[in-house]
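Work through the exercises below with the sequence and the 3D structure open. Try each task before reading its solution.

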Amino acid sequence: YPWALLGSLGVLISGVAMATVTEVQFSLQGTICGCCAALFTAFHQILIKRAKEDFKLNPLQIMYRQAPPTAMLLVFTSLATDDVPALLAYTPTFWASVVILSTCVLAVLVIWTVVTLVTRTSPVTFQVIGLMKTSLTFVFGFLMFRNPVTWQNIGGIVLATFGFMWYTYVKLPRGATSGAALPTPPVAPGSPPPTGLEEFKASLSDDSAPSQSVPSEERLIGLRVGRRAAEKP
């Protein structure tokens, strides 16, 4: 990664930490759990990206392959950690069933969003979007629920926004909007510029000459328009 990309990530992470962290307490158990969570999350997202590139799978196919082992893992985890007799004795009401089904639907949408973002962009970009979402969550909490705000929170959000904009600028492809210049036929002094029909006729007269470059999408559209205009009586 270039230094500009690493710098933007450092600014973004520092801003989010400044806006969210109020009290810092370290423990061995918490440190181990945090490191394992970050490691497994990164490993999972890298595997999603590799599955997209190596096996040409779309997000729904990746979710189809991922759902069975995830469900089995959650079943065994629930049996080991939850109160199984209380779960079996529970009788859900109508609204409880609606909440459970809504949670399942939202979970599927979240997983689909995660897989789509990782496959369309990259695991690093997905983490950047997640950090910016955390900052926006704090902003909406300040505006909608009147949560207490300090200058540390404001400075962290501003710093995180700057880091996000810097990362976006670094990741934008150079010259993507400029494009290559389209070849144009020579125009005599004082004559109007050639239209699509004239360009099409000029291309027909130069069919014997070998093409030096692949025609762009704009040129192909102009040739189609010229062909249709030539075919009209």
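**Exercise 1. Find the handedness and geometry of the crossing of α3 with α5.**

Step 1. Helix α3 passes helix α5 in a right-handed crossing. A crossing is right-handed if the near helix is turned clockwise from the far one by less than a right angle, and left-handed if anticlockwise.

Step 2. Before going on, note the conventions. This is a predicted model, in which local features need pLDDT of at least 70 and side-chain atom pairs count only at pLDDT 80 or more, while totals for chains, interfaces and linings use all residues. Residues are numbered from 1 along each chain as its sequence is written, and side-chain values use heavy atoms, with hydrogens and water left out. Helices (H or I, at least four residues) and strands (E, at least two) are DSSP runs, numbered from the N terminus.

Step 3. Two packed helices are described by the angle between their axes and the distance between the axes. Axes are lines fitted to C-alpha atoms, for helices over the stretch in contact, and angles run from 0 to 180 degrees between N-to-C directions.

Step 4. Helix α3 covers residues 59-81 and helix α5 residues 94-120; their axes cross at roughly 120° and come within 9 Å. The two helices are therefore oblique to each other. The classes are: under 35 degrees roughly parallel, over 145 roughly antiparallel, 65 to 115 roughly perpendicular, and the rest oblique.

Step 5. On the α3 side the contact is made by P59, L60, I62, M63 and Q66, which meet V108, I111, W112, V115, T116 and T119 of α5. Contact means heavy atoms within 4.5 Å. By class, these residues are eight nonpolar, three polar and no charged. Ala, Val, Leu, Ile, Met, Phe, Trp, Tyr, Cys and Pro count as nonpolar, Asp, Glu, Lys and Arg as charged, and the others, Gly among them, as polar.

**Exercise 2. Describe how α1 and α6 pack.**

Step 1. Helix α1 (residues 3-20) and helix α6 (residues 123-144) have axes 10 Å apart, at an angle of about 30°.

Step 2. These helices are therefore roughly parallel to each other.

Step 3. The crossing of α1 with α6 is left-handed.

Step 4. L9, L12, I13, V16, A19 and T20 of α1 meet V124, V128, L131, T134, S135 and F138 of α6. Sorted by class, the contact has nine nonpolar, three polar and no charged residues.

**Exercise 3. Are N153 and Q45 buried or exposed, and what do they contact?**

Step 1. N153 belongs to helix α7, residues 151-171. Its relative accessible area is 8%, so N153 is buried. Buried means under 20% relative accessible area, exposed over 50%, and partly exposed in between (1.4 Å probe, protein chains only).

Step 2. Apart from neighbours within four places in sequence, N153 touches M18, A19, F142 and P148.

Step 3. Q45 belongs to helix α2, residues 28-55. With a relative accessible area of 4%, Q45 is buried.

Step 4. With neighbours within four places in sequence left aside, the contacts of Q45 are V118, P123, F126 and Q127.

**Exercise 4. How many aromatic pairs does the structure hold? Describe two of them.**

Step 1. There are three aromatic pairs. Rings of Phe, Tyr and Trp (its six-membered ring) pair if their centres lie within 6.5 Å; planes under 30 degrees apart count as stacked, over 60 as edge-to-face and the rest as tilted.

Step 2. One of them joins F94 and W95, at 5.2 Å centre to centre with 75° between the planes, and is edge-to-face. F94 and W95 are both exposed.

Step 3. Another joins F162 and W166, at 6.1 Å centre to centre with 40° between the planes, and is tilted. F162 and W166 are four residues apart in helix α7, so about one helical turn separates them.

Step 4. F162 has a relative accessible area of 48% and is partly exposed; W166, at 29%, is also partly exposed.

**Exercise 5. Where do K56 and R146 lie, and what is the phi of each?**

Step 1. K56 lies in the loop between α2 and α3. Phi of K56 is near 55°, a positive value in a residue other than glycine. K56 is exposed, at 67% relative accessibility.

Step 2. R146 lies in the loop between α6 and α7. Phi of R146 is near 55°, again positive in a residue other than glycine. R146 is exposed, at 68% relative accessibility.
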